[in-house]
Amino acid sequence: MKLLQFFCLVSLLILDVAFGVKHELFKRCDQSGFCRRNRHYGNEISKTQNKYYSINEESVKFGHSVITGDIQKSLNQSHSVRLPFTLEILENNNIRLQIDEDRSKFEFNHKLLQKERYNEAWKYAFNGIPKISKNYKVSDISNGQFDILYGKDEQYKLEVYTEHFEIIVKYHNEPQIIFNERSFLNVEHIRSKDNHESSLLQEELNFGSFQDSFKDSKADTLPFGPESVALDVTFQGFKHVYGIPEHADSLSLRDTTASEPYRLYNVDIFEYEVDSRLPMYGAIPLLVAHKPGVSAGLFWVNGADTYVDIKKQDRSVPNALREHIDTQTHWISESGIIDVVIFIGSSPTEITSNYAKLSGQTQLPQLFSLGYHQGRWNYNDEEDVLTISENMDKYEIPCDVIWLDLEYTDSRRYFTWKKGSFPDPERMLAKLNETYRSLVTLIDPHLKLNYEVSDQVSEKNLAFLDKNGKDFHGHCWPGESLWIDTFNPNSQEFWTTLFANDSGFAGDATNLHIWNDMNEPSVFSGPETTAPKDVITYGNVEIRSDHNIYGLTYHEATFEALKERYINKRPFVLTRSFFAGSQRSAAMWTGDNMSKWEYLKVSIQMILNQNIANMPFSGADIGGFFGNPSKELLTRWYQTGIWYPFFRAHAHIDSRRREPWVPGEPYTSLIRNAIRLRYRLLPLFYTKLYQSHVNGSLVLDPLFYKFPDNRDVFEIDDQFYIDGLLIKPVTEEGAESINIYIPDDEIHYDYDTFQKFQGLGDHRISTPLEKIPVLIRGGTILSRKDRYRRSSKLTRYDPYTLVIALDSNRKAKGNLYIDDGETYNYKLADQYLYLELNFVDNILNSEILEGAGSTGGSTKVEKIQIIGDDLSFEEIFIKQNDTEWSGSFEKHDNYYVVKNPNVDLSKNWSVSFR
Ligand code: NOJ
């Protein structure tokens, strides 16, 4: 990049300019060789109807656990390309199809690159080697077809067609998913530049094959030439598809026929736009499709630059009862192999949790990390940090973490401190620790040249290499830098030493945690704000093929290093860039949003999508990163942000200070109330994270996850449930009232007044600025900790309040998870509790489902609140440890309160209301 351009880019990053995203920095599909070629190929093949791909029947082998064979790509009468495939039935009735290319006969004499296609994305995306099911029946090949039956009662069937390669996946006798229905399968096989043009099929374009004409990508040497892989997948009868984060867009994905495809390419997209298909910081190539009765998922296990086209194809028959719309998808990746997993089941929850079994469940975070995080670029020095912390107490606002951005370092050299401002980091950490607060500091992957850390990375051969095999150098915050290559397993040992107690970074403080930013990787001097595609990563792999995975390897290395530092404590790492699998070790946030209402709104859509893609520990910068929110917007943002699983306020260096006390009254009190509500509900958030950790469930459920048969909720993305709380944040300026949609006939109670709302459809709620619209669905039992404390760790010995909201059948249920909140001891059966609270026939039962033991904290209940219609209890009897005693309660109009029932959650107990 030319110097002038580079400085323009840097100043854009630093200044709060009102220009919005720089479209010209990012390739559109028609500017990107492989995307344009594949879209063209699809259009042309639809016209010619030519079929170039078939299965060589003689090559097919039906093994015990895998079916292998060759797909043939016919170029002309005498030439074909061999594309070995494997087809596996995985555990849980998932299907995995891989299509590679035999390159053995091709002479490729590049010393620095491996010749084979990159096929290791799965190693990062999966949590170990996937288990294969041997339980299937396969037919012989006849009339160009073989079938595979699997699953309980053989409810699944694959029909594999050989003459024209196609696979139909049936579930309950209905076709649900079809591979290559439109014949868009395209494996651009390896060829030399000289004979390339003559070997093009009539539907193929030559655009961008050996040369990239996009401005800053011109230097890309494209050593393999065109090598994209693409496949079309039809979801029959599915009008709605979701997922493939990260995009600032609606939850239900749009038809892209007349627009850009959704792009998955991890980039530093500062000042991103809303309603956009542009790439962002992270990529999870999981798409979830849903229709009443059936849900499906497609996991495209590829870490290269990827575009996904979506087309809603109306196949409705005139006068038919129901419309029939198929969603046709077209997956296009620049390189690598085709590696795709299909999930089919009866509900969307089943799909996400099935995917989670393959990719790994979300980590169980420390309790403190679910508390309130106060960030800003930057808190300037030790005094600033400690004053922020003191002010939290002065204004009685709970807070768990203060964040230090870029400028705490000495000239942006990570693992150093700006001495004048932070003369004694250990002292600062110790002082924060007195209030049981933590510090998070930023550590980015670019390392300024010529200092101890980057010198060692270079000496130990742990840096990214450029196309000539030298350390790759580029520009980022500190100026000229190199990047640690965390694909290299040897990087871990070195990275771990940097976080060790004796590294000189933070002594043996136990309240330090880490923020990994800019790990797309962001390269200011690189094309599309990232590394050139011919940079070489570990194993002689071009970053072209593993680009989207880098961010994950980097935050995983940090996670592992912190695990070593803390031995038995769960590390907290926040990452900006992510891939499938990132949920195992990091939280994410949605990057550099703006202080505008539309960004508040889109944050909900984005976080719901993160939940669908099994990375629920997610949040957005409260207040908006760029700009200065009005006091109203700031207040509404806190009232929304308390529902983000990761709850952090953060702001750009040029924005004005906006900590909760800055806006003054009444805003400060409203923000305090919101944050305190979050703290009261921490047991709920922690329980939800635990459930996600063990079974891949969502923390925030979009309405269609809870009501998969109600078509009216399939596009709702401004409301969600967390357990039994139905939330609709206010995201409109000056909204005095809003509509909240209740998805069925069950009673819902206003969280504050217990006013009853019942009836499927919209209900009007008045929303003065102090109102946070939350309804408790009848049938819910919530566990809370109501006492104000300065940080979550201090709530440990506080008793619980149980809130029982009765449904129309006077029943309610809930779960509660308790452990020490910070260590891995919960893996031992006697160190945690998971219990079920069940109200039925006027008896509340508390029963331990798992774990048996001491959690070190309080297991007492100080209050039980029961909300319902026509309550008419006269007395209550409490029973625990074979003893029964009568208790007292207060009667109110529509709720009763039992004070100090004197029960202990670590043993079973019951309360009978008579
Ligand atoms: C970019 C991040 O998105 C932002 O949150 C951070 O403040 C800046 N980098 C500076 O580190």
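T668 has a relative accessibility of 1%, so it counts as buried; buried here means under 20% relative accessible area, exposed means over 50%, and partly exposed is in between, with a 1.4 Å probe and protein chains only. This is a predicted model: local features need pLDDT of at least 70, side-chain atom pairs count only at pLDDT 80 or more, and totals for chains, interfaces and linings use all residues. Residues are numbered from 1 along each chain as its sequence is written, and side-chain values use heavy atoms, with hydrogens and water left out.

Back to T668. The residue sits in helix α14, residues 667–680. Helices (H or I, at least four residues) and strands (E, at least two) are DSSP runs, numbered from the N terminus. If neighbours within four places in sequence are set aside, T668 is in contact with Y395, P660, W661 and P663, where contact means heavy atoms within 4.5 Å.

Next, helix α8, which covers residues 452–459. Which of its residues are buried? They are V453, S454 and V457. These three lie on the same side of α8, because they cover an arc of only 95 degrees around the axis; the arc is that of the directions from the helix axis to the C-beta atoms. As a general point, an α-helix has 3.6 residues a turn, so residues three or four places apart point the same way. E452 and E459, on the other side of α8, are exposed. What the buried residues pack against is β22 (446–448), β24 (479–483) and α9 (490–499). After α8 comes N461, with a positive phi near 55 degrees.

Now the ligand. There are 13 residues around it, and D405, D517, R576, D592 and H650 come nearest; a residue is near a molecule or strand if one of its heavy atoms lies within 4 Å of it. The side chain of D405 has an N or O atom 2.5 Å from an oxygen atom of the ligand. For D517, a polar side-chain atom is 2.7 Å from a ligand nitrogen atom. In H650, a side-chain N or O atom is 2.9 Å from an oxygen atom of the ligand. Taken alone, the ligand exposes 300 Å², and the protein buries 98% of that; the areas come from the Shrake-Rupley method with a 1.4 Å probe, and for residues only the protein chains shown count as cover.

Last, salt bridges. The whole structure has 60, each being a side-chain nitrogen of Lys or Arg within 4 Å of a carboxyl oxygen of Asp or Glu.

One joins R37 and E188, at 2.7 Å from N to O. R37 is in helix α2 (residues 33–48) and E188 in the loop between β10 (186–187) and α4 (193–196), 151 residues apart. R37 and E188 are both buried.

Another joins E334 and K533, at 2.8 Å from N to O. E334 is in the loop between β17 (325–333) and β18 (338–345), and K533 in the loop between β25 (512–516) and β26 (536–537), so the pair ties together parts 199 residues apart in sequence. E334 and K533 are both buried. Through shared partners, salt bridges join D220, R263, D305, E334, E528, K533, E542 and R544 into one network.

Technical notes:
Polar contact = N/O pair within 3.5 Å; in protein donor to acceptor, adjacent residues only side chain to side chain.
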